[in-house]
Amino acid sequence: MTRIELYTKNNCPGCAMTKKQLTALGIQYAETNVETDTGALEKVKDLGFNTVPVVLDRETGDIWSGFRPDKIKNLVK
């Protein structure tokens, strides 16, 4: 099971930058597009977020929204 969940949508600059930085740092993630998965959209809303990207670290429970290079860097183990 992948430890990082990433919720995105189409044509989202913050989503693209988040994916690019995760990949550059060698961090594997499971991506779910909220535009094609209505269950994922509801999950994001239930977590209290109205914008994407939303990043969830299943290992630590850390979760945030938006492009956060500082937080992404902290995911490196």
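User: In this predicted model, with which residue does the side chain of Arg-3 make a polar contact?

Analyst: Arg-3 is placed in the segment before strand 1. Leaving aside residues up to four places away in sequence, Arg-3 touches a set that includes Leu-56, Arg-58, Glu-59, Leu-75 and Lys-77. The side-chain to side-chain polar contact of Arg-3, at 3.0 Å, is made with Asp-57.

User: How many residues apart in the chain are Arg-58 and Glu-5, whose side chains meet in a salt bridge?

Analyst: The N to O distance of the salt bridge between Arg-58 and Glu-5 is 2.7 Å. Glu-5 belongs to strand 1 (residues 4-8), whereas Arg-58 sits in the loop between strand 3 (54-57) and strand 4 (63-65), so that the pair links distant parts of the chain. The separation between Arg-58 and Glu-5 is 53 residues.

User: Which residue is linked with Glu-5 and Arg-58 in a network of salt bridges?

Analyst: Glu-5 and Arg-58 meet through their side chains in a salt bridge. The network of salt bridges that holds Glu-5 and Arg-58 also takes in Lys-43.

User: Which parts of the structure are tied together by Lys-19 and Glu-31?

Analyst: The side chains of Lys-19 and Glu-31 meet in a salt bridge with an N to O distance of 3.2 Å. Lys-19 is partly exposed at 25% relative accessibility, and Glu-31 is also partly exposed, with a relative accessible area of 39%. Because of where these two residues lie, the pair ties together parts that are 12 residues apart in sequence, namely helix 1 (residues 13-24) and strand 2 (residues 30-33).

User: How far apart are the closest N and O atoms in the salt bridge of Asp-62 with Lys-71?

Analyst: Asp-62 counts as partly exposed at 29% relative accessibility, and Lys-71 likewise counts as partly exposed, at 22%. A salt bridge requires the nitrogen and the carboxyl oxygen to lie within 4 Å, and the closest N and O atoms of Asp-62 and Lys-71 meet this rule at 3.6 Å.

User: What does the count of salt bridges come to by this rule?

Analyst: Among them are the pair of Arg-58 and Glu-5, the pair of Lys-19 and Glu-31, and the pair of Asp-62 and Lys-71. By this rule, the count of salt bridges comes to six.

Terms used
Residues are numbered from 1 along each chain as its sequence is written. This is a predicted model: local features need pLDDT of at least 70, side-chain atom pairs count only at pLDDT 80 or more; totals for chains, interfaces and linings use all residues. Side-chain values use heavy atoms; hydrogens and water are left out. Helices (H or I, at least four residues) and strands (E, at least two) are DSSP runs, numbered from the N terminus. Buried means under 20% relative accessible area, exposed over 50%, partly exposed in between (1.4 Å probe, protein chains only). A polar contact is a pair of N or O atoms within 3.5 Å; within protein, one must be able to donate a hydrogen and the other to accept it, and residues adjacent in sequence count only if both atoms are side-chain atoms. Contact means heavy atoms within 4.5 Å.
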